[in-house]
Amino acid sequence: MIRLEDIKKDYVNNKNCTHALRGVDLHIREGSFTGIIGTSGSGKSTLLNIIGGMDTPTEGKYYFYDELISDYNSEKLQKFRKKNISFVFQNFALMNRYSVYENVEMPLLIRKVKNKKKIVMDCLEQMGIADMAKKYPTQLSGGQQQRCAIARALAADTPLLLADEPTGALDQKTGADIIDCFKAVHKSGKTVILITHDMNVAARCEEIIKIEDGLIQL
Ligand SMILES: Nc1ncnc2c1ncn2[C@@H]1O[C@H](COP(=O)(O)OP(=O)(O)OP(=O)(O)O)[C@@H](O)[C@H]1O
Ligand SMILES: [Mg+2]
């Protein structure tokens, strides 16, 4: 599904240059569940952002199936993201002025999908928060907010779900429940890639990629 060939990413600020990725080769199978681990600053988020089309590599090739994503301009990247990528963040990134229902409905409005109500309620049901539909994110616990964010990703119905430290703000037990939610999404046929510092979370991934100093460790 995903193939990275000698991906490099440099961040240049003033006269400082950070080599965040220094030649990453990677293959991600369709339908896999992958965890990315590595110390702080090793390049995990940079890698995930490139895979998600939120950032572009300085050098190297990124193939998504047969498409050469690393050649895309920002307009094509935006279309690529809309069609293929959902993101879940450590801080949930919900819209606090909208209800749980409305948050999950958002990707369907963007895509002009019909039968929105059934889809939204199904997604909330799957994440075990159907009874929270009318509440607002600030009225929910962290775990419930993350369930809402995953329900939103589910509603978007993209083949690839990416998550940057999705359990980072949660306690051990709640984090384990959230990984169950990702497992359910995976079982429904999605490819999942998540970043984690938590070895208990990593242990539940099918594949583990370790990155250190901008390079994948074998
Ligand atoms: N926008 C940016 N501008 C300049 N340098 C950056 C930028 N984003 C990341 N970096 C640098 O690139 C390197 C890799 O950063 P990245 O965010 O990918 O690390 P990470 O593995 O996700 O770390 P953490 O576990 O702390 O989130 C770091 O040295 C970081 O300081
Ligand atoms: Mg990071």
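Helix α1 is mostly covered, since six of its eight residues are buried; buried means under 20% relative accessible area, exposed means over 50%, and partly exposed lies in between, with a 1.4 Å probe and protein chains only. The buried residues are K44, T46, L47, L48, I50 and I51. Helices here are DSSP runs of H or I with at least four residues, strands are runs of E with at least two, and both are numbered from the N terminus. After α1 comes G53, with a positive phi near 70 degrees.

This is a predicted model, in which local features need pLDDT of at least 70 and side-chain atom pairs count only at pLDDT 80 or more, while totals for chains, interfaces and linings use all residues. Residues are numbered from 1 along each chain as its sequence is written, chains are lettered from A and ligands numbered from 1 in the order in which they are written, and side-chain values use heavy atoms, with hydrogens and water left out.

Which residues come nearest to ligand 1? They are S40, G41, K44, S45 and T46, out of 13 residues around the ligand; a residue is near a molecule or strand if one of its heavy atoms lies within 4 Å of it.

## The six-stranded sheet

Six strands form an open sheet in the order β6-β7-β8-β3-β9-β10, and the pairing is mixed. Two strands pair if DSSP finds at least two bridges between them. The edge strands are β6 (85-89) and β10 (215-217); each has a single partner strand, so one side of each is left without a neighbour in the sheet. From one strand to the next, the twist averages 25 degrees.

Five bridges pair β6 with β7 (residues 160-164) in the parallel sense. Within this pair, F87 stands opposite L162 in β7. Strands of a sheet pair through backbone hydrogen bonds, either parallel or antiparallel.

## Helices on the sheet

Helix α1 (residues 44-51) lies across β3 (33-37), β6, β7, β8 (191-195) and β9 (207-212), and runs at about 155 degrees to β7. Helix α6 (residues 172-187) also packs on the sheet, where α6 touches β3, β6, β7 and β8. The direction of α6 makes about 155 degrees with that of β8. Contact means heavy atoms within 4.5 Å; axes are lines fitted to C-alpha atoms, for helices over the stretch in contact, and angles run from 0 to 180 degrees between N-to-C directions.

## The four-stranded sheet

A second open sheet has four strands in the order β2-β1-β4-β5, with antiparallel pairing. Here β2 and β5 stand at the edges with a single partner strand each, so one side of each is left without a neighbour in the sheet.

Strands β1 (residues 2-13) and β2 (residues 16-28) are joined by ten bridges, and I2 has I28 as its bridge partner in β2. The two strands form a hairpin with two residues between them, and N14 in the turn has a positive phi of about 50 degrees. On its other pairing, β1 is joined to β4 (residues 59-64) by five bridges; L4 stands opposite Y62, and E5 has K61 as its bridge partner. Two bridges join β4 to β5 (residues 67-68), with Y63 opposite L68. This pair is also a hairpin with two residues between the strands, and Y65 in the turn has a positive phi of about 50 degrees.

## A buried threonine

T158 is found in the loop between α5 (142-156) and β7. Is T158 buried or exposed? T158 is buried, because its relative accessible area is 2%. A polar atom of its side chain lies 3.1 Å from the backbone oxygen of L160. Leaving aside residues up to four places away in sequence, T158 touches K82, K83, N84, I85, S86, R111 and K190.

## Cysteines

How many disulfides are there? The count is zero, where a disulfide is a pair of cysteine sulfur atoms within 2.5 Å. For C123, the nearest cysteine sulfur is that of C148, 11 Å away. C123 is buried, with a relative accessible area of 5%, whereas C17 counts as partly exposed at 40% relative accessibility.

Methods. Polar contact = N/O pair within 3.5 Å; in protein donor to acceptor, adjacent residues only side chain to side chain.
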